[in-house]
Amino acid sequence: MTVSSNVPEVKRVEVDPSVISTFKSEHEYIGLSVELLIEASSYVCIAGNIIPPAENAWNRHEAVLVGHLVRLYKLNTALLDQTCQRRRETTFIFARLAFECIVNTIFIIRNDRSEIVQSYIEHSMRHEKRLRDRIRNKITERGGEIWPIEKRILDSIERSAKNSDVDLDRIDPPKNWAGKNLFDKARDVGLDEAYLGAFAGPSHSIHGNWHDLLEYNLEVKDGGFLPNFEWHPPRPQLLTTIAHLTVITLGEFFSEIIGPAGNAVAERLPDLYERIQILIHLHEEFLVSRTNRESHLTPTLKILETERQRSEDF
């Protein structure tokens, strides 16, 4: 596989500790985090556009992996969009989806076998198989009459199965592809701590459970609850964490799938990784410093400091 040395130019984000030390609010950290995730996602776009030599397209096996890169790029851009619109609630949703995409991508890279890919595809077709069988039963019950909407759905399912090279009559879709749930896969690729520490919680936002309602959509007042339609401002941690994991994913892709031919891109990744780590470290120092400063304020000054931070963030 060949990769042109003429890699598209990607803007290198400057991470200068002397400049960052002057930051007064998280809003400034968010701005820099956004730029770093854009840089990381640009390399995802490049990786997803690498085509095998002498071929016009990826085969099905390869497409499962590259499709995950495309999905990661889109999820990262959605995360960036919701951050710039200042919507913390939905940033958690897209970050959680991006994390799952990252885990799946690395798992597939490290388990690059035909049976793993087949399990992934068959698992993905489980809804189509159930829906097709249900529609067929309804048609049989009414004596063979097919409604137009049913024909459209059945034709769509048939096209999907054909493009997937799957015979729906012969498969028994697994509950979990590769026989593992997300946490199992995260543990296998060394991201179980990241799952528990940063992305198990955002699952609340995915499913809309009570914790999500209590945290973001309700206001506790006088022992009761009121609706809260205000958006919460985003935090930089999600952006830097996803950027960090995106670079790790790219490193795996270029070293394990592309190989030495991908050095023109891969050689840029360590520098990007280091800059992300610097920002993560400096932001943590900022939070510790702010906590220490606030601990010495009187109640009145704490209120004033909170209002000052809020005005700066906006």
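Tutor: Let's start with a definition: a residue is called buried when its relative accessible area is under 20%, exposed when it is over 50%, and partly exposed in between. Keep in mind that we are looking at a predicted model.

Student: Thanks! Why is Cys-84 called exposed?

Tutor: Its relative accessibility is 58%. The cut-off for exposed is over 50%, so Cys-84 counts as exposed.

Student: And what makes Cys-101 buried or exposed?

Tutor: Cys-101 has a relative accessibility of 1%. Buried means under 20%, so Cys-101 counts as buried.

Student: How many disulfides does the structure hold, and how do you know where Cys-84 stands?

Tutor: The structure holds zero disulfides. For Cys-84, the nearest cysteine sulfur belongs to Cys-45 and is 18 Å away. A disulfide needs two cysteine sulfur atoms within 2.5 Å, so Cys-84 is in no disulfide. The reasoning works for Cys-101 too: its nearest cysteine sulfur, again that of Cys-45, is 14 Å away, so with a cut-off of 2.5 Å Cys-101 is in no disulfide.

Student: Let's turn to rings. How are two aromatic rings described?

Tutor: A pair of aromatic rings is described by the distance of the centres and the angle of the planes. This structure holds ten aromatic pairs.

Student: What makes the pair of Tyr-29 and Phe-286 stacked, tilted or edge-to-face?

Tutor: Their centres are 5.0 Å apart, and rings pair if the centres lie within 6.5 Å. The angle between the planes is 40°. Under 30 degrees would be stacked and over 60 edge-to-face, so the pair of Tyr-29 and Phe-286 is tilted.

Student: Why does this pair tie together parts that are apart in sequence?

Tutor: Tyr-29 lies in helix 2 (residues 26-48), whereas Phe-286 lies in helix 14 (residues 269-294), so the pair joins parts that are 257 residues apart in sequence. Both Tyr-29 and Phe-286 are buried.

Student: What about Phe-107 and Trp-177: which kind of pair do they form?

Tutor: Their ring centres are 5.6 Å apart and the planes make an angle of 80°. An angle over 60 degrees counts as edge-to-face, so that is the name for the pair of Phe-107 and Trp-177. Phe-107 is in helix 4, Trp-177 is in the loop between helix 7 (148-164) and helix 8 (182-188), and the two are 70 residues apart.

Student: How do you know whether these two residues are buried or exposed?

Tutor: Phe-107 has 2% relative accessibility and Trp-177 has 6%. The cut-off for buried is under 20%, so Phe-107 is buried, and so is Trp-177.

Student: Which residue lies over the face of Trp-177, and how do you know?

Tutor: That is Lys-185, at 4.2 Å from the ring centre of Trp-177. The distance cut-off is within 6 Å. Lys-185 also lies over the face of Phe-107, at 5.9 Å from the ring centre.

Student: Where is Asn-104, and what does it touch?

Tutor: Asn-104 sits in helix 4 (residues 88-110). Leaving aside residues up to four places away in sequence, Asn-104 touches His-68, Trp-177 and Lys-185. With a relative accessible area of 10%, against a cut-off of under 20%, Asn-104 is buried.

Student: And how many of the residues of the protein are buried?

Tutor: Of its 314 residues, 42% count as buried. The protein's secondary structure comes to 15 helices and two strands.

Technical notes
Residues are numbered from 1 along each chain as its sequence is written. This is a predicted model: local features need pLDDT of at least 70, side-chain atom pairs count only at pLDDT 80 or more; totals for chains, interfaces and linings use all residues. Side-chain values use heavy atoms; hydrogens and water are left out. Buried means under 20% relative accessible area, exposed over 50%, partly exposed in between (1.4 Å probe, protein chains only). Helices (H or I, at least four residues) and strands (E, at least two) are DSSP runs, numbered from the N terminus. Contact means heavy atoms within 4.5 Å. Rings of Phe, Tyr and Trp (its six-membered ring) pair if their centres lie within 6.5 Å; planes under 30 degrees apart count as stacked, over 60 as edge-to-face and the rest as tilted. A charge sits over a ring if NZ of Lys or CZ of Arg is within 6 Å of the ring centre and within 35 degrees of the ring normal.
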